[in-house]
Amino acid sequence: MLPVPLQQLILLSFLLIVSERKFAWTSKFSMLYIDNPVGTGFSFTDDTGYALNQDDVGRDLYSALIQFFQLFPDYQKNDFYATGESYAGKYVPAIGYYIHTHNAAAKIKINFKGIAIGDGLCDPEVMLGGYAQFLYQVGLVDEKQRDYVQRQTDLGAIYIQLKKWRKAFEVFDVLLNGDETGSPSYTQNVTGCTNYFNFLQCQEPADQEYFGMLLSLPEVRKSIHVGNLTFHDGSVVEKHLLEDVMKTIKPWLAVLMDNYRVTIHQSPPLDSIFCLLTLFIPYL
């Protein structure tokens, strides 16, 4: 993260006022937030430490949790739930399954009770098939554009079946994300909208950019004990996971559903990239 000029910091100090939520998970539960995978947020590694797949993610998260419970053993007896949203539709089952397969023989046990996934990408092959109809039904594309999206998602599904993971990701990226293309995605071009997390707001709200600025404030950094560590936006991590994006975690999730409490939710139901009704229900 680039240093913020002093004048801008002074201005931000007035604008970025943090207030306590009236209803927060922390009012009832002990929360542990982790910058995951390694290399996102304030977490850091060298070139050899980035996760390449969900096995790596599960292993690294498990290691972090074991260290946490070693340092704070009083929390070990508490019920433990893993939660996350969006691409954590893969991260959450990854850590859940890793705990499931390692807990019995571990010296430090995790009192694992279940998982919660919001707007999650879990099984891309099945979920890809819902995009065309969803975009059409909410009025973001016309019939001709819907048919093009359908042809592209069908192609992406074929690449997944052939285990051509990078090719499948490129289809997904060109249609929706535009992360690696260096240009706006097809959906952004035809809709004029940059915000695919809430289709009622065509453009991303300005406050979406405030988080990084908030973390630049000296008093914030001091309060969360990060010193001068760089805040990473996750783009390097994404590049290391490109071969993983279009792979499924369905078998792991099935095991977790058979043994633990599992909640899968959409909040709110306006997310055009991982919409529950058209993408997740067919997968279930």
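Q: In which helix is Arg146 found?
A: In this predicted model, Arg146 is found in helix H6, which covers residues 143-161.

Q: What makes the link between the side chains of Arg146 and Asp147 a polar contact?
A: The distance is 3.2 Å, and the cut-off for a pair of N or O atoms is 3.5 Å. The value falls within that limit, so the pair counts as a polar contact. Leaving aside neighbours within four places in sequence, Arg146 is also in contact with Ala132, Gln133, Tyr136 and Val141.

Q: Why is H6 called roughly antiparallel to H7?
A: Look at how the two helices cross. Their axes come within 7 Å and cross at roughly 160°. Angles over 145 degrees count as roughly antiparallel, so H6 is roughly antiparallel to H7. The crossing is left-handed.

Q: Which residues in H6 and H7 meet?
A: On the H6 side they include Tyr148, Gln152, Leu155 and Tyr159. Among their partners in H7 are Trp165, Ala168, Val171 and Leu175.

Q: Which residues of H7 are buried, and what covers them?
A: Among the buried residues of H7 are Trp165, Phe169, Phe172, Asp173 and Asn177. The cover includes helices H4, H5, H6, H8 and H11. Just after H7, Gly178 takes a positive phi of about 70°.

Q: How many residues are in the largest nonpolar core, and which have the most contacts inside it?
A: This core has 53 residues, and those with the most contacts inside it are Phe80, Ile99, Ile110, Ile115 and Met246. Helix H7 gives the most to this core, with 7 residues. A second, separate core of 8 residues includes Leu16, Leu214, Leu215 and Leu217. As background, nonpolar side chains tend to be buried together in soluble globular proteins.

Q: What does Phe80 touch, not counting residues up to four places away in sequence?
A: The list includes Leu65, Phe69, Ile99, Ile110 and Phe112.

Q: Why is Asp35 called partly exposed?
A: Its relative accessible area is 37%. Buried means under 20% and exposed means over 50%, so Asp35 falls in between and is partly exposed.

Q: Where is Asp35 found, and what does Asp35 touch?
A: Asp35 is found in the loop between helix H1 and helix H2. Not counting residues up to four places away in sequence, Asp35 touches Thr40, Gly41, Phe42 and Ser43. A polar atom of the Asp35 side chain lies 2.9 Å from the backbone nitrogen of Phe42. Asp35 and Gly234 are 199 residues apart along the chain, and their C-alpha atoms are separated by 9.6 Å. Pro37 lies in that loop between H1 and H2 too, and the peptide bond from Asn36 to Pro37 is cis, with omega near -5°.

Q: How do you know whether Asp119 is buried or exposed?
A: Compare the value with the cut-off. The relative accessible area of Asp119 is 8%, and buried means under 20%, so Asp119 is buried. Asp119 is found in the loop between strand S2 and H4, and has a positive phi of about 50° although it is not a glycine.

Q: And how do you know whether His225 is buried or exposed?
A: The relative accessible area of His225 is 71%, and exposed means over 50%, so His225 is exposed. His225 lies in the loop between helix H10 and H11. This residue has a positive phi of about 60° although it is not a glycine.

Key
Residues are numbered from 1 along each chain as its sequence is written. This is a predicted model: local features need pLDDT of at least 70, side-chain atom pairs count only at pLDDT 80 or more; totals for chains, interfaces and linings use all residues. Side-chain values use heavy atoms; hydrogens and water are left out. A nonpolar core is a set of buried Ala, Val, Leu, Ile, Met, Phe, Trp, Tyr and Cys residues joined through side-chain atoms within 4.5 Å. Buried means under 20% relative accessible area, exposed over 50%, partly exposed in between (1.4 Å probe, protein chains only). Helices (H or I, at least four residues) and strands (E, at least two) are DSSP runs, numbered from the N terminus. Contact means heavy atoms within 4.5 Å. A polar contact is a pair of N or O atoms within 3.5 Å; within protein, one must be able to donate a hydrogen and the other to accept it, and residues adjacent in sequence count only if both atoms are side-chain atoms. Axes are lines fitted to C-alpha atoms, for helices over the stretch in contact, and angles run from 0 to 180 degrees between N-to-C directions. Angles under 35 degrees count as roughly parallel, over 145 as roughly antiparallel, 65 to 115 as roughly perpendicular and the rest as oblique. A crossing is left-handed if the near helix is turned anticlockwise from the far one by less than a right angle, and right-handed if clockwise.
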